Amino acid sequence: MAYNFKEVMSKPERLAPGHRMCAGCGGTIAVRTVLRALKEGDKAVIGNATGCLEVSTFMYPYTSYEDSYIHNAFENAGATLSGVETAYHALKKRGKISDNYKFITFGGDGGTYDIGLQSLSGAMERNHDMVYVCYDNGAYMNTGIQRSSATPMYADTTTTPAGKCSNGKMQNRKDLASILAAHDIPYVAQSTFTPTMKDLYVKSEKAIYTPGAAFLNVMAPCPRGWRYDAADIMDICKLAVETCYWPLFEVVEGRWILNYEPKKKLPIEDFLRTQGRFKHLFKPENEHLLVQYQEEVDRRWEDLLFKCSR
Amino acid sequence: MSIRERMSGNEAVSYAIKQVNPDVMPAFPITPSTEIPQMVSTYISNGEIDTEFIPVESEHSSMSATIGASAAGARALTATSSCGLAFMWETLYIAASDRLPIVLCLVNRALTGPININCDHSDSMGARDSGWMQIYAETNQEAYDNFIMSYRITEHKDVMLPLMTCMDGFITSHAVENIELLETEEVRKFVGEYNPENYLLNAEMPMAVGPYANSPFYMETKMNQRIAMQNAKKVILDVAAEFEKISGRKYGLFEEYYLDDAEYAVVMIGSAAGTTKDAIDNLRSQGIKAGLLKIRVFRPFPDTEIAAALKGKKVVAILDRCEGNSATGGPLGAEVKAALYDSGANTVAVNYIYGIGGRDYTVEDAENLFNELIDIGNGKKQPEQFKYIGLRK
C-alpha cells in the first residue's frame with residue numbers, strides 16, 4: 001500500500017502531549033506511530049501493562065489517551081484486553097453497541113517477555129482480535145534499569161552491573177517474535193523506527209486490520225537505560241537494523257518475510273559503541289567479547305534468512 | 001411458579017447463571033468449582049444461552065479478563081476455588097478499586113500447604129480485606145438464591161463493588177439436595193438489564209480505567225470504597241426483601257436459629273451450620289437453651305447487628321473454618337470479638353477452629369461443644385481459646 005509520509009504525519013494524534021515520559025523515549029514514539037495506523041472513524045480501546053508508559057500517561061485525574069484506555073496490572077495486559085474484546089463481541093451480538101472498535105495493548109519488555117508472558121501467550125493462542133505491541137527497550141526501565149530476558153548480552157544493567165568480575169548480562173536475549181510466531185497467529189512482525197516511520201506504520205496497520213491476534217515487537221530505545229544522547233535515537237535504530245542486530249521482518253499466516261536486507265551489513269561494534277551500557281566491551285582486554293557478539297548476531301541473522309527463504 | 005428439582009450446589013449455581021445469561025464468563029478449572037464452567041460451556045454449546053465463555057490459561061487471567069469485560073460494559077463473572085482465588089489475589093483488589101460489579105462464584109476449598117481439595121474457608125478469608133463483598137451459602141438453595149440476588153447488589157449505584165458468592169466445596173457443591181427453582185422469565189425480570197453509566201465501549205464518552213494515583217488521591221479512593229461497602233448492607237437487605245416477594249424465602253445479614261432466648265450460642269459460616277442446627281434440636285429437647293447465629297454476609301461485616309443479636313448470652317462460641325495463622329485465633333473469632341467489645345458486652349466469647357481441610361464436624365462434635373460452653377458458663381471449666389475441634393489425638 002502507498003505510504004504518504006506527510007499525510008500520515010498529519011493525522012490527528014491519539015496520544016496527547018503533556019504526558020510525563022522522558023524526552024527522547026522510544027516508548028511514546030512507538031505508541032504514536034501505532035495509533036496513527038487506526039482509521040480515523042474507528043474507535044479503539046487501548047490496553048497497557050504497568051510500566052513507564054502507564055504511570056506517565058494516566059496519572060489520575062489526567063489521561064493522555066483520546067481513546068478508551070485500561071490498565072489492570074503488570075502481568076495481565078493480554079488477558080485484560082481479551083476480556084474487553086470478548087465483551088465487545090458479546091455486546092455487539094446483543095445489539096447494545098454499534099460502533100467499530102479495535103483493541104491494541106502496549107507493554108514493555110518486562111510486562112511482555114517476562115512477567116506477562118503467560119497472559120500474552122493465552123490471549124494470542126485464543127486468537128482474540130487484538131494487537132499486542134511490545135515496546136522493547138531491553139530492561140526493566142521503570143524500576144531503574146534491571147535486566148530482563150530481552151536485555152542483550154553483555155549489557156550493563158543495575159542487576160547485571162559490569163564490574164571487575166562481570167561483563168554485564170551473561171545470557172543472550174530471548175527471541176520473543178519467534179515464540180509468538182510459534183503460536184501460529186495470523187500476524188507477527190518485528191520493527192523499529194526507520195527514517196520515514198513507514199516500516200512500523202505499515203506493520204501497525206496490518207496488525208490492527210488483520211482479523212485475529214497480532215503481535216508487534218518494536219525496539220524502542222531508552223536514553224536512560226541505554227545511555228545515549230536523546231537526539232541520537234534515530235541513528236541508533238538505523239544502526240540496529242544495518243548491523244542486523246534488530247532485523248525487520250514479518251510472519252504472515254506462518255510465512256516468514258524479510259522486510260529489509262542491508263546492502264552492506266555493518267559490524268556490531270557500530271551499534272554497541274553508541275550506548276554507554278556496552279562501554280566496557282571496548283576495553284582492549286574485551287576484544288574477544290566483541291568477536292563473540294558478532295558471531296551471535298551472525299548466527300541469528302543466518303537463522304532468520306533461512307526461515308525467510310522457505 | 002416455582003420448580004421442584006434435585007441438584008448439587010454447582011448445578012444450582014450453573015442453572016442460576018443460565019437463567020441470568022450474563023455477557024462474559026472467563027474461567028479456568030479448579031476442583032471443586034470445575035463443574036460450573038463445564039456446565040456453562042455446555043449450555044452455550046447447546047445454544048441454551050449466548051454468554052461468551054473465555055477458556056483462559058489460568059485463574060490470574062480469568063480475573064484479569066473478567067475485569068476487562070466488566071470495564072468494557074459487560075455483565076461478567078467467573079468461578080474458582082482455593083489456589084485459583086489466591087492466584088487472583090492482586091487483581092481482586094484491582095476489581096474492587098475499579099468499582100466493577102463482577103460476581104465470582106467461589107466454591108470454598110482449603111489453600112495448599114499441603115495440597116488439599118476439601119472444604120474450608122481459608123481461600124475466601126484470605127481475600128476478606130480485598131474490597132469484595134462476601135455472601136455465604138449453607139445449602140444449594142441458598143447458593144442458587146444468592147447468585148440470583150448478586151447483580152442487583154453489585155450493580156446498585158450506591159454499591160458498585162464486586163461480590164463473591166461462596167459455598168462449601170464438595171459438601172454443598174457436590175451433594176445433591178432438593179431445591180426450588182424460579183421460572184427463568186421471573187429471574188430475568190428480577191435481575192433486569194445491565195446499563196452501566198461509564199464503560200470502555202461507550203462511543204459517546206471514552207473512559208480510562210486503572211490510573212496511577214499516588215498519595216494525593218489513593219486515600220479518597222479507599223474512602224469511597226468504604227462508603228460503598230457500608231451502603232451495601234442496606235442494599236443487600238433491600239434486594240433480599242424483594243427476592244422474598246418472588247421466592248417466599250427470607251434472607252438477612254445472618255440467620256438466627258433459636259437464638260432469641262438462647263443462653264449458649266454458636267457463631268459460624270456455611271454448610272456446617274446445618275449440623276449445628278441438628279445438635280440444637282437435640283439439646284432443646286433436653287431443655288438446654290442452645291442457639292445459632294449463621295453468618296450469611298461477611299463483607300460488609302454486620303458488627304453492630306451481630307453484637308445486638310448476641311447481647312445477654314452467657315457464653316458464645318465462634319467457629320472458624322480457617323486457621324488465622326495469627327497464633328491467637330481465626331478471622332471470624334477476631335471480628336466477632338471486636339464487635340462484642342465495641343458494644344460493651346460482657347459475654348464470654350471462645351474461638352474454635354473446626355473443619356479445616358475437610359475434617360468432619362459431626363452433630364456429636366456440636367453437642368460436645370455446647371456442653372463445654374455450659375461448663376464454662378457454670379464456672380466448671382476455664383475457656384480455652386483457639387481450640388481445634390476434631391483434632392487427631
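I count two strands as paired if DSSP finds at least two bridges between them. The model I am reading is predicted.

**Entry 1: the sheet in chain B**

I looked up β14 (residues 315-320) and β15 (residues 348-353) of chain B first. They pair in the parallel sense, over six bridges. I picked out one residue here: B:Leu319 has B:Tyr352 in β15(B) as its bridge partner.

I then traced the whole sheet. It is open and has six strands, in the order β10-β12-β11-β14-β15-β16 of chain B. The pairing is mixed. Which strands sit at the edges? I find β10 (254-257) and β16 (387-388) of chain B there, each pairing on one side only.

Next I checked what covers this part of chain B. Helix α12 (residues 331-342) lies across β11 (264-269), β14 and β15 of chain B. Its direction is at about 145° to β14(B).

**Entry 2: the nonpolar core**

I looked up the largest nonpolar core and got 221 residues. Which residues have the most contacts inside it? They are A:Val84, A:Val133 and B:Val267. Helix α4 (residues 77-93) of chain A gives the largest share of this core, eight residues. From chain B, domain 1 (3-247) and domain 2 (254-388) each supply at least three residues to this core.

Leaving out residues up to four places away in sequence, I list its contacts as B:Leu293, B:Ile295, B:Val316, B:Ile318, B:Leu319, B:Leu332 and B:Val336. One of these, B:Leu319, is the residue I noted above as bridged to B:Tyr352.

**Entry 3: B:Asp145**

I placed B:Asp145 in helix α7 (residues 140-154) of chain B. Is B:Asp145 buried or exposed? I call a residue buried if 20 or more other C-beta atoms lie within 10 Å of its own. B:Asp145 has 26 other C-beta atoms within 10 Å, so it is buried.

I listed what B:Asp145 touches, again leaving out residues up to four places away in sequence: B:Phe243, B:Ser247, B:Arg249 and B:Tyr251. I also took a distance to B:Met39, 106 residues apart from B:Asp145 along the chain. The C-alpha atoms of the two are separated by 18 Å.

**Entry 4: helix α10 of chain A**

I moved to chain A and went through α10 (residues 233-242). A:Ile233, A:Ile236, A:Cys237, A:Leu239, A:Ala240 and A:Val241 are buried in this helix. What do the buried residues of α10(A) pack against? I find α2 (26-36), β8 (214-219) and α11 (269-272) of chain A. Last, I checked the backbone just after α10(A). There A:Cys244 takes a positive phi of about 70°.

Notes: Residues numbered from 1 in each chain as written. Chains lettered and ligands numbered in written order. Predicted model: local features only at pLDDT ≥ 70, side-chain atom pairs only at ≥ 80, totals over all residues. Helix = DSSP H or I, 4+ residues; strand = E, 2+ residues; numbered from the N terminus. Contact = placed C-beta atoms within 7 Å. Axes fitted to C-alpha atoms, helices over the stretch in contact; angles between N-to-C directions. Core = buried A, V, L, I, M, F, W, Y, C linked by C-beta atoms within 7 Å. Buried ≥ 20, exposed ≤ 12 C-beta atoms within 10 Å, placed from the backbone. Domains from an automatic or database assignment.
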